[in-house]
Amino acid sequence: MAYSSKNGKASAEQGDVSSGEMAMSMKGVRLLLAGLLVMIAGYILMCGGGSDDPEVFNYAMFDFRRLVAAPVAIIAGTVIEIVSIMKIFSK
């Protein structure tokens, strides 16, 4: 709800939603997309490592990429998302 000024018209400084200003800036949108891409990269890093034969154990599941790099990328993407949301709504 916008407050009205002395002459009865809503003022843009007082929170008028029709001032033409977007709630999210392009920088905020870029940060959100960057965080999403980092998280997707982490999930892609986690893929694979299975065995075609259920009787044979595949040690490739327990390599550095799946146990360390992928979770770090997913957590980094989540942190980027949180920071971008805080920047967007800190106006």
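This is a predicted model: local features need pLDDT of at least 70, side-chain atom pairs count only at pLDDT 80 or more; totals for chains, interfaces and linings use all residues.
The buried set in H2 consists of Arg66, Ala70, Ala73, Ile74, Gly77, Glu81, Ser84 and Ile88. If you are wondering about the spacing in that list, recall that an α-helix has 3.6 residues a turn, so residues three or four places apart point the same way.

## The course of H2

H2 runs over residues 64–88, which makes 25 residues. From first C-alpha to last, H2 reaches 35 Å, close to the 36 Å expected at 1.5 Å a residue.

Along the way there is a kink of about 25° at Ala70, shortly before the proline Pro71. Ala70 is also one of the buried residues of H2.

## A salt bridge at Arg66

Searching the whole structure turns up one salt bridge. It joins the side chains of Asp63 and Arg66, with 3.1 Å from N to O. Side chains of opposite charge can pair when their charged atoms come close.

How exposed or buried are the two partners? Asp63 is partly exposed, at 28% relative accessibility, whereas Arg66 is buried, with a relative accessible area of 12%.

## The chain as a whole

Stepping back, the protein chain has two helices and zero strands. It holds 91 residues, and 16% of them count as buried. Its accessible surface comes to about 7200 Å², with 68% of that belonging to carbon and sulfur atoms.

Definitions and conventions. Residues are numbered from 1 along each chain as its sequence is written. Side-chain values use heavy atoms; hydrogens and water are left out. Helices (H or I, at least four residues) and strands (E, at least two) are DSSP runs, numbered from the N terminus. The expected span of a helix is 1.5 Å times one less than its number of residues. The bend at a residue is the angle between axes fitted to the seven residues ending there and the seven starting there. Buried means under 20% relative accessible area, exposed over 50%, partly exposed in between (1.4 Å probe, protein chains only). A salt bridge is a side-chain nitrogen of Lys or Arg within 4 Å of a carboxyl oxygen of Asp or Glu. Accessible areas come from the Shrake-Rupley method with a 1.4 Å probe; for residues, only the protein chains shown count as cover.
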